[in-house]
Amino acid sequence: MTTTLGTASAAPGEVDTGRLEVGETRDGDPFGLPVAVINGSSSGKTLYLQAVSDGDELNGLGVIQRVVPQLDPADISGTILIVGIVNYHAYQVAEHRNPIDDTKMNRAYPGNDSGTSSERIAAATFDVATRADLVLDLHQGSTSRMLNEVRVRCGKRHRLYEDCLELAKAFGCGYVLDQKGPDGQLARAAPDEGIPTVDPELGGCVGWDEKSIQKGVDGVFNVLRYYDFLEDANDLERQTRANSFEQYGSPNGGLVEMHKELGERVAHGESLFEITTAFGETKATITADSDGILWRTRRLPQVATGEYVCSVGTDIDSY
């Protein structure tokens, strides 16, 4: 059966790309999101991939750019639907939020097809997501420095919680954040429709980072093999899981000197970072409130009083 997404249309054993029209720009021209359909030669599940829900998070697009040329529909059982750039307007100006309505796109799901710019794009991409059996919403930690991780956002009481945990484990980044997310996230909304969905958060950088992109490429292929889109299913590996976060800000203005590296274990009372003057004089030393793992840090060294410095993943276990 031929599968269509926007102007892309692929019969079994074919690949096609096109555009999914979702509105008009300020000069009245229509615009569309770049889409792809990879229709396997054999029947099977449907996977939906999307990237650049936040306009400055490009690692997911790097993953898609590398994955699609490697996929031969003759080897695939099932269908892969892709929206390569979700937040069209923010991507054009390299900003995090949609500048048309000053909205974070991943707070707009399931969307509204007669609402704001972000709500309309969310509604259009949610319609695609609900055609799938599994969803990967590719993100990164914005421009902060962050571990490569997968986020399970549906919450532990959700009926699809175990399925989302399994999908995160199949992706196999090594680290999982298991914490219910805010309303409006795709990884919150799609499970409500019966579709296991996770957010791979592929590091954090300005532009894109090849190591994190490769983690994402490996993760997508892990999912394709585990869920039988491709042959040679891989075994699942244990993932290190954080069940909550502690965030730390600076008590002073100055320069940050981190005392731990990303992924390093920290103990309660251990030094996390120091604030110094421009002349190297210590103004404050901040210690960890709990045991955990240094999960995320700011990129720039200069801070004002109260400004974000880092996050520690806490309540650590593995599964």
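Residues are numbered from 1 along each chain as its sequence is written, and side-chain values use heavy atoms, with hydrogens and water left out. Because the model is predicted, local features need pLDDT of at least 70 and side-chain atom pairs count only at pLDDT 80 or more, while totals for chains, interfaces and linings use all residues.

Helices (H or I, at least four residues) and strands (E, at least two) are DSSP runs, numbered from the N terminus. Leaving aside residues up to four places away in sequence, Leu 224 touches Leu 47, Leu 71, Ile 80, Phe 229 and Leu 230, where contact means heavy atoms within 4.5 Å.

Helix α4 is largely enclosed by the rest of the structure, because eight of its 11 residues are buried: Tyr 161, Cys 164, Leu 165, Leu 167, Ala 168, Lys 169, Ala 170 and Phe 171. Gly 172 follows α4 and has a positive phi, near 75°. Helix α1 (residues 59–67) is mostly covered, with seven of its nine residues buried. Those seven are Asn 59, Gly 60, Leu 61, Gly 62, Val 63, Ile 64 and Val 67. Their cover includes β5 (42–51), β6 (77–83), α2 (88–93), β7 (134–138), β11 (197–202) and α6 (210–226).

Strand β11 also holds Pro 200, which counts as buried because its relative accessibility is 0%. Beyond residues up to four places away in sequence, Pro 200 touches Leu 136, Asp 137, Leu 138, His 139, Glu 149, Val 150 and Phe 171. In strand β3 sits Asp 16, partly exposed at 25% relative accessibility. With the same exclusion of residues up to four places away, Asp 16 touches Thr 7, Ala 8, Ser 9, Ala 10, Val 35, Ala 36 and Val 37.

Two pockets can be described. A pocket is, on a 1 Å grid over the protein atoms alone, an open set of points where a 1.4 Å probe fits, with protein on both sides within 12 Å along at least five of seven lines; lining residues have an atom within 4 Å of a point. The largest pocket contains about 370 Å³ of space, a volume being the space filled by probe spheres set on the points, which are joined across faces, edges and corners. It is lined by 24 residues, of which Lys 104, Arg 107, Arg 151, Glu 201 and Arg 296 are the closest to its centre. By class, this lining has five nonpolar, 10 polar and nine charged residues; Ala, Val, Leu, Ile, Met, Phe, Trp, Tyr, Cys and Pro count as nonpolar, Asp, Glu, Lys and Arg as charged, and the others, Gly among them, as polar. The second largest pocket has a volume of about 200 Å³, and its lining has eight nonpolar, four polar and no charged residues. Leu 61, Ile 64 and Trp 208 are among the residues lining the second largest pocket.

No disulfides are counted, a disulfide being a pair of cysteine sulfur atoms within 2.5 Å. The sulfur of Cys 205 is 14 Å from the closest cysteine sulfur, in Cys 173, too far for a bond. Cys 173 is buried at 4% relative accessibility, and Cys 205 is buried at 7%.

Finally, some backbone features deserve a look. Most residues other than glycine have a negative phi, and most peptide bonds are trans. Val 52 has a positive phi, near 55°, and is buried at 0% relative accessibility. A cis peptide bond, with omega about 10°, joins Tyr 109 and Pro 110.

Note on methods:
Buried means under 20% relative accessible area, exposed over 50%, partly exposed in between (1.4 Å probe, protein chains only).
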